[in-house]
Amino acid sequence: MIIKENHSILIPVDFSKQSLVAIKQTYNLAKFTHSKLILMHADPNSNTDHQMELEQLAHTTKSESGLEVEAMNLKGDVYELTDKKAAELESSLIVVGLDTQVRFRSFFGGNNISKFINHAPCPVITMRSVDNRNECKNIVMPIDLSAESREKVGIVVQLAKYYGATIRIVSVFHPSDEKYENQLLPYLNQVKKFIKDKGAECTNKSIPATNVAEAIITYANNNECDLIVQMNKKDLSLGEMFGGAVSQKIVESSNIPVMSINPMKRESISSGIH
C-alpha cells in the first residue's frame with residue numbers, strides 16, 4: 001500500500017488556526033506526490049457563506065505554495081461530505097486540522113471523528129497542534145503481530161524516502177506477557193531488515209506498558225518525531241486487557257500529526273514481510 005501520486009489532497013477548512021496550519025503542512029507532501037490541493041468548506045445551511053474568504057484562501061495558498069489549488073464550497077454536513085468527496089475525487093489523502101482545546105470541536109464530535117476515519121476511502125492525517133512541521137525527520141510506526149499491521153509499511157517507507165526521515169518502529173506489550181514479547185522481538189527485527197533493504201533508515205523499540213496509546217505518544221515526543229502512522233482497525237490490538245480502540249485514543253490525544261490508514265482487502269496485504 002502506498003499513497004497515490006498525481007491525485008488530489010482534500011483539506012476540509014473552517015478557517016480555524018488548526019485548519020490553516022494543516023494546509024501549510026501539506027505543501028511538501030503535495031509536491032512529493034504531484035498532487036493538487038482541494039480546499040473544501042461545508043456549511044449545513046448554505047453553499048455560499050464564506051465564498052469570498054474561501055476563494056482568497058485558495059489564491060493565497062496557490063501563490064504561497066506554487067501548487068495547483070481548487071476551492072469547493074458545499075452545503076451539508078462536513079463529516080459526511082469529506083468522505084463522499086474524497087471518494088468521488090479519488091483523493092490520495094485527507095488532511096484535517098482538529099481543535100486543540102475541545103475534542104474535535106472544529107469539525108466533529110468525539111464519535112464522528114472515529115466514524116469519519118473508519119469510512120475514509122484514503123489515509124487521513126489529523127493534526128491537533130498549531131505548530132508548523134515543514135520537515136519530517138522521524139516517523140513513528142507502531143506495529144504488532146497482526147496481518148493488518150504490516151500493511152502500512154509501504155506508505156511509511158514511501159514517506160521516509162520523500163523526507164529523508166528515519167522510521168522508528170515501536171511496539172507495546174503488556175509487562176507480564178512474556179510470551180508476546182518473545183514473539184514480538186524477532187518480528188520487529190524482520191520488519192527492520194525489510195525497511196533497510198528498501199533503502200530507508202530504521203530503528204526498533206519494544207516498550208512494556210499497560211496504556212498503549214500513552215506509551216506511543218510519549219515515545220514519539222521523547223524522540224522528536226514528526227508523524228505517527230497507524231492502522232485504524234485492529235492495529236496495536238493486544239487483547240481484551242487493553243480494551244477500546246488504541247488508534248482512536250492516539251488520534252484523540254496526540255499533539256503530533258497522526259496518519260490513520262484503513263486496512264486493505266485480505267488479498268492485498270502482502271508487503272514482503274512474512
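**Entry 1: Leu 39 and the cores**

I started with Leu 39 and listed its neighbours, skipping residues up to four places away in sequence. Leu 39 touches Ile 11, Val 13, Ile 23, Leu 54, Leu 57, Ala 58, Thr 61, Val 69, Glu 70, Ala 71 and Met 72. I keep in mind that this is a predicted model.

Next I looked up the largest nonpolar core, which has 50 residues. Leu 39 is among the members that touch the most others, along with Met 141, Leu 159, Ile 167, Ile 169, Ile 195 and Met 259. I also found another core lying apart from that one, with 37 residues, including Leu 10, Met 40, Leu 81 and Ala 213.

**Entry 2: the whole chain**

I then stepped back for the overall counts. The protein has 9 helices and 10 strands. Of its 274 residues, 55% count as buried. I also checked how far apart in sequence the contacting residues are: among contacts between residues at least 6 apart, 80% join residues at least 24 apart.

**Entry 3: Ser 8**

I went to strand E1, residues 8–12, where Ser 8 sits. Is Ser 8 buried or exposed? I have it down as buried, because its relative accessible area is 3%, and the cut-off for buried is under 20%. Leaving out residues up to four places away in sequence, Ser 8 touches Ser 35, Lys 36, Ile 38, Leu 89, Ser 91, Ser 92 and Leu 93.

**Entry 4: Val 95**

Val 95 belongs to strand E4, residues 93–97. I read a relative accessible area of 1% for Val 95, so this residue is buried. Its contacts, again without residues up to four places away, are Ile 9, Leu 10, Ile 11, Pro 12, Ala 22, Thr 26, Ile 125 and Met 127. Val 95 and Val 13 are 82 residues apart along the chain, and I get 9.7 Å between their C-alpha atoms.

**Entry 5: H8 against H9**

Last, I looked at a helix pair. How do H8 and H9 pack? Helix H8 (residues 212–222) meets helix H9 (residues 246–253) at about 45 degrees, and the axes are 9 Å apart. I call H8 oblique to H9 because of that angle. H8 brings Val 212, Ala 213, Ile 216 and Ile 217 to the contact, and H9 brings Val 246, Lys 249, Ile 250 and Ser 253. Sorted by class, I have 6 nonpolar, 1 polar and 1 charged residues there. I noted the crossing of H8 and H9 as right-handed.

Technical notes:
Residues numbered from 1 in each chain as written. Predicted model: local features only at pLDDT ≥ 70, side-chain atom pairs only at ≥ 80, totals over all residues. Heavy atoms only, no water. Core = buried A, V, L, I, M, F, W, Y, C linked by side-chain atoms within 4.5 Å. Buried < 20%, exposed > 50% of the residue type's maximum accessible area, 1.4 Å probe, protein only. Contact = heavy atoms within 4.5 Å. Axes fitted to C-alpha atoms, helices over the stretch in contact; angles between N-to-C directions. Helix = DSSP H or I, 4+ residues; strand = E, 2+ residues; numbered from the N terminus. Parallel < 35°, antiparallel > 145°, perpendicular 65-115°, else oblique. Left-handed = near helix turned anticlockwise from the far one by under 90°. Nonpolar A, V, L, I, M, F, W, Y, C, P; charged D, E, K, R; others polar.
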